[in-house]
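Hello,

Here is the structure I promised to pass on.

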Amino acid sequence: MKSILKQIIASNKEVEKAEKLAVQTEISNPATKDSRRNFLRKSAVGGIALGSFMSMSIEDTVAQATSKVNRASKPSELKITDIRYCVIQNVGRTPIIRIDTNQGIYGLGEVRDGADERYALMLKSRLLGENPCNVEMLFKTIKQFGMHGRQAGGVCGVEMALWDLCGKAYNVPCWQLLGGRYRDKVRLYADTPEFESLDEFKQKIKFRTETQGYTWLKMDISIGMLKGKEGSVVNNKVWGGGFSQWSGDYNSYANTKHPFTAIQITPKGLEEMAKVVEDVRSIVGYEMPISSDHYGHFDLNNAIRLGKALDKYRLAWLEDMVPWQYTDQWKQISEALDTPTLTGEDIFLKEGFQPLIEARAVDIIHPDLASSGGLLETKRIGDYAEDHGIAMAMHFAGSPVSFMANVHCAAATQNFLALEHHSVDVPWWESIVKTTDGRKLIEKGYANVPLEAPGLGIELVDEEVKKHLTPKDKSYFAPTDQWNDKRSHDRLWS
């Protein structure tokens, strides 16, 4: 027994010698960050000396010597100390948040594109001093402050950053914390390029599919394309002759729900819209899925008429034909058409998806992780849909921070189909982050899942991010002490 112990101790001394050399090499490397260098020095001082193995049992000695746990921090003593932000000019505006801790490690998250960073900052007073690794408990604490659409952005951005922190603290990828992964790469779908002539479109599609490598495309089929074509729509002039879906006052076309506009599409209009799809399909072919979106605001009956006109082109899905809240109308549309139906990018929490899923009102759900509740809640939504025989695609239009949160969730969810990449033609988009394991962020139409990198697996490239800050707010992760104080009693029951 003593000879075995001596052999183990001798082996351990060789391991210790090699590890000390590796640590010193990393400390001496100019590329090593100060926070990492300080951590390595503290670990060297506070580490377990191999001589202490003499007082251990054989079993304890072997367990200690063979342990592969890399303690990037002391997770049980982590405390949230601040929430800071910057806002980049991407899809309008996209706030990125950073949750800082007492141990120098931090987590990155993102408030949904087009939303306000204050949705996240108002949560700070509820989170200060808490352990960020208690993700589910903290999510239950703050989820009451989220709502459908962009108003969920703060809760979801915080949830992303908490998982990033937790993964870094325990030195594992976020997908591992969600239960493991089903795939090593995540399929992406991208918009078809805009075009004025079919010859130009052919060249752009060739670039999108052959050079960029995308195997799933998406196109807009809007009644906006009928502008100026007499006899294509009914009741357009009362809305000023335009079809802007994105801006206007409370009583504008943009803010009037589909059943209440009285817009109808004539046979001529349907032919015009179908012709655009036919042209795209003739160039792309039938092997590649093509999804569709942004039709305009018209009622259930016209949605069915348009869907039937497009059925023969075998589109991957018809998206958001009516508002997501109308479960019964969605069921009618789905039952009337052969083309799959899809909605969900504005729905908050699993509870919001349940009526659609339980009624099987749509064929595919489409959460935006930055609105649906973050990584764990979106996985739960996907799992619930899977139980009902419904697949899940994922909507996304933000920065690489939220993108990677989506990638981890997609990797961990079995019924996942494809993830949107909205900024595929933005040249600087990938440059604002670097992967912590050296992998490519995107390769030939697929996102690479970080197999070993802890947390989300990315860090910001500060000098690049600063180039793309919104002109109205050039601050960069400045302290936010004005959000420290909690002034309300938040309990929802008596």
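Let me begin with the sheet: three strands make an open sheet in the order β1-β2-β3, with antiparallel pairing. Its edge strands are β1 (80-88) and β3 (106-110), each pairing on one side only. From one strand to the next, the twist averages 20°. Strand β2 (residues 94-101) pairs with β3 in the antiparallel sense over five bridges, and Asp100 stands opposite Tyr106 in β3. Strands here are DSSP runs of E with at least two residues, and helices are runs of H or I with at least four, numbered from the N terminus; two strands pair if DSSP finds at least two bridges between them. Angles run from 0 to 180 degrees between N-to-C directions, with axes as lines fitted to C-alpha atoms.

A few words on the provenance. This is a predicted model, where local features need pLDDT of at least 70 and side-chain atom pairs count only at pLDDT 80 or more, while totals for chains, interfaces and linings use all residues. Residues are numbered from 1 along each chain as its sequence is written, and side-chain values use heavy atoms, leaving out hydrogens and water.

Next, Leu375, which sits in helix α15 (residues 375-387). Leu375 counts as buried because its relative accessibility is 0% (buried is under 20% relative accessible area, exposed over 50%, partly exposed in between, with a 1.4 Å probe and protein chains only). Cys409 lies 34 residues away from Leu375 in sequence, yet their C-alpha atoms are 5.5 Å apart; Cys409 is also buried, at 0%.

Best wishes
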